[in-house]
Amino acid sequence: MPLYFFNTMNRSREEFRPLKENEAGMYTCGPTVYNFAHIGNFRAYIFEDLLRRTLKYFGYKVIQVMNLTDVDDKTIRDSQKAGISLNEYTAKYKKAFFEDLAFLNVEPAEHYPAATDHIPEMIKLIQMLQEKGFAYKAEDGSIYYSIAKFPEYGKLAKIDMENQKSGVRVKTDEYAKDAVADFALWKAWDEKDGDVAWESPWGKGRPGWHIECSAMSMKYLGNTFDIHTGGIDNMFPHHEDEIAQSEAANGCRYVNYWLHCAHLIVNGEKMSKSLGNFFTLKDLKEKNFTGPEIRWILLSAHYRKKLNFTFEDCEKAKALLKKFADFFLRLKTVEKAGKISDKMSEIVKSAQNSFKDAIGDDLNISEAVAALFGLEREANKLMDSGEITKEEASLILEQFKDFDKVLGVLNVDGQEEKIPEEIEELAGRRQAARKSKNFAEADAIRDELKRKGWVLEDTAKGPRLKKIS
RNA sequence: GGCGUGGUAGCCAAGUGGUAAGGCGGGAGUCUGCAAAACUCUUACUCACCGGUUCGAAUCCGGUCCACGCCUCCA
């Protein structure tokens, strides 16, 4: 089954053809570790996780690289403010970042290179650019990339630099550049940097932002690799600059497939640190939302569509996952003996095909999830009519585990809550009252159970207790 | 100002030339002592608006309006 992605470079849906058979190299722009990431940031990381899992689902071995930007204006500024070293400061947020990824069930990437661990690689790359004439040293001692030397500049963002001049503001501290859109490869040290500096052929300083991704992707994935992703806001100038650097230095194409995810929005506006309209995972945890619930929300809209975040949707996600959990428990109670019918094999196989078709079509999550609902309804129907066997129920559960390899939200093997003795006993008394047609008491006990956090449902096989989450 | 993305039911959301998936919510029913759960049926003659192309358009083309994003650190 072919896999398709929407390639930002050509603005079209293309069949994925990796450089190496059965292997996909993927570079995903990671966080700047100066603060806790917010859920808008996590939308991107979850999209990348979905992409990663989809590639694996289609049989590819994935080599994923996610950079950690641990030196830039903000990390320097805030570490100074905190009165601790840059490393000490960023270590705290690196740790928090990995904890958050784990909470959201994001599979670890193969490499998490930090910028500060790759200064020599960056220096080497800048030297290559200098030798080839793409870089120049400005009056302030910084090294800049000359966009004029790279005619293809703007090909990703479809920006024609000729028409860009009027709107671009010029920062006063960047007076030294030849052209406004030229960007820094190496920033000469100034006193605001404090003790953050590395020796280089151009003197003391630190790398520019874009160079780390070019240098590190080259090191871990090669001069040309398959997939590069990030938020749409990274498309310009960051990814455009990466292309300029890498292609100028290596003389070959940088990336074959560019995938960008749209923003998480709040009340119609982009969720961002600067607007202050953001929520962190901590905020949501305090409201009792779980990792799978948050993951579901961030996953449930197509990655190239803006996703409006609301707490109402969080509640819906909670209810939806609860429904699936109940469904799995119900399947596990099936005891009827018998083989798997052809009809059942057909139903399950067809659901899997629909799912795979959809997720392989540029990660069409809506259609993919529709396959889950379809299979759930079929299974419920058959359980209602008692037509389903234990083996068939297992087959369905296995299929949901298969779906969850990609989705990572279902917890099919989730254990039923242990029922406390007190609750068990109340349920027993209620059943006795019910048998003797003392419905008033039976209902009263059911209400009491509800107050204690347990819902009692009468099924064909007798009462069933469910914990209210 | 330049560039880009998008506007589909009460809400969320697929569908990109062949006659509107799915979820939530609403309505009616089956089951039940009653609930709950589950199931069944139902809920857009219509896809922001106006023209055009076509046997046929939500899908293609032109225009208009609206929203958001990028052009400055940003997932």
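Six bridges join strand β9 to strand β10 (residues 255-261), and the two run parallel; strands count as paired if DSSP finds at least two bridges between them. This is a predicted model, where local features need pLDDT of at least 70 and side-chain atom pairs count only at pLDDT 80 or more, while totals for chains, interfaces and linings use all residues. Residues are numbered from 1 along each chain as its sequence is written. Helices (H or I, at least four residues) and strands (E, at least two) are DSSP runs, numbered from the N terminus.

Let's stay with β9. His228 has Trp258 in β10 as its bridge partner. Strand β3 (residues 23-28) also runs parallel to β9, joined by three bridges, and Met26 has Ile227 in β9 as its bridge partner. Seven of the seven residues of β9 (residues 225-231) are buried, so the strand is largely enclosed by the rest of the structure; buried means under 20% relative accessible area, with a 1.4 Å probe and protein chains only.

Now for the RNA. Around RNA strand B there are 52 residues, and the closest are Trp209, Gly231, Asn234, Lys270 and Lys323; a residue is near the strand if one of its heavy atoms lies within 4 Å of it. Sugar and phosphate make up 63% of the atoms of RNA strand B that come within 4 Å of the protein. Helix α11 supplies the largest share of this surface, eight residues.

A polar backbone atom of Met271 is 2.7 Å from a base nitrogen of RNA strand B, and a polar side-chain atom of Asn41 lies 3.4 Å from a base nitrogen.

Notes
Chains are lettered from A and ligands numbered from 1 in the order in which they are written. Side-chain values use heavy atoms; hydrogens and water are left out. Buried means under 20% relative accessible area, exposed over 50%, partly exposed in between (1.4 Å probe, protein chains only). A polar contact is a pair of N or O atoms within 3.5 Å; within protein, one must be able to donate a hydrogen and the other to accept it, and residues adjacent in sequence count only if both atoms are side-chain atoms.
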